[in-house]
Amino acid sequence: MRIYKVKDYAEMSRKAAAVMAAQIVAKPDCVLGLATGSTPIGLYKQLVEWYKSGDLDFSEVTTVNLDEYKGLPKENDQSYYYFMNDNLFSHVNVDKSRTFLPDGTQPDAEKACTEYDEIVRATGGADIQLLGLGHNGHIGFNEPSDVFKKNTHCVDLTESTIKANTRFFASEADVPRQAYTMGIGTIMSAKKILVVASGADKADAVYKSFFGPITPQVQGSVLQLHPDVVVVADEAALSKCDL
Ligand code: GLP
C-alpha cells in the first residue's frame, strides 16, 4: 500500500486526479470504478479541467459506480445518478451509454443487484476503483457487519451514515434508509484501488482501515489485503497514523 500524505483537500484532489488521469492515459479504454460523496468532488473538478484543456479523453472509457440509494428517482438531485452527471459525465466526452450505476429505481432488490453484477462482469471489472471512507470505515455502502459481502446487495444504512448524509437533504426524514452497493468481493477484484480521505473527522476511519485489525466491523480494513492500493489523504485525515 502506498500512502500519499498531502497538505489539504485541494492537494488531495489534484494528486488523486493525477492517479486517475494516469490510468486513462495509459489505457484509454479502461474501466473506472467511481465513487460519490463530498470527498471526490475536487478530484472530478480537476479531471474536468484536464479534459477541457485537452489533456484527457474519456471517449473510450467505461464507468461503474459503487452504489445508489434505493427508491430515489434518477432526477432527484441527491441520487448518485444525478451526482455523477452533475460532477463529471455531463462535462466530459464520456459515452453515457457506458456509464453504469445500480438502478435505485428498481424496487425488486434481488433483480437490481443481480443485474448490476452482470453489468460489472460484462465490463471486465474496474482497472481502478476510487473509494471514499465513511466515518465508520464503510466503503461503498458496505456498513459494519459480521461478514464481508461479496456481490451487489441491498443494505440498511446505519444511523451514523443516515446522520452523515442528512446534510445533503432537506431533513433527516428525507434520507433514504436503504441503498444498493457493490460488494467487497467486486471492490477487491479491481486491479487498482485509490482511496481519498480528507479532514479530522475521517482520522479514525483512516487509522482503523489501514492500521487496525482486518475486520468486517471496519469494512475498509479489507483493503489491507489488496495488492495495489494507493491512499491519498490530507494531514488531518492521517493525524492518528504514525507516518
Ligand atoms: C457515502 C458513500 C460512500 C462515501 C461516503 C463518505 O456513504 N456511499 O461511497 O465514501 O459517503 O462520504 P464523504 O466523502 O461525503 O465523507
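Select strand S4, helix H3 (80-87) and helix H5 (159-165): each supplies at least two residues of the lining of the largest pocket. Helices (H or I, at least four residues) and strands (E, at least two) are DSSP runs, numbered from the N terminus. The model is predicted, so that local features need pLDDT of at least 70 and side-chain atom pairs count only at pLDDT 80 or more, while totals for chains, interfaces and linings use all residues. Residues are numbered from 1 along each chain as its sequence is written, and side-chain values use heavy atoms, without hydrogens and water.

Keep H3 selected, as five residues of the lining, the largest share, come from this helix. A pocket is an open set of points on a 1 Å grid over the protein atoms alone, where a 1.4 Å probe fits, with protein on both sides within 12 Å along at least five of seven lines; lining residues have an atom within 4 Å of a point. Next, select Thr36, Gly37, Ser38, Asn165 and Phe168, the closest to the pocket centre of the 37 lining residues.

Now turn to S4 (67-69), an edge strand, as is S7 (153-156): each pairs on one side only. The open sheet has the order S4-S8-S7, with antiparallel pairing; two strands pair if DSSP finds at least two bridges between them. Select S8 (residues 178-181), which four bridges join to S7. Within this pair, histidine 153 has threonine 181 as its bridge partner.

Finally, select helix H4 (109-123) and helix H6 (184-188), which each supply at least two residues of the lining of the second largest pocket. H4 gives the most, with three residues.
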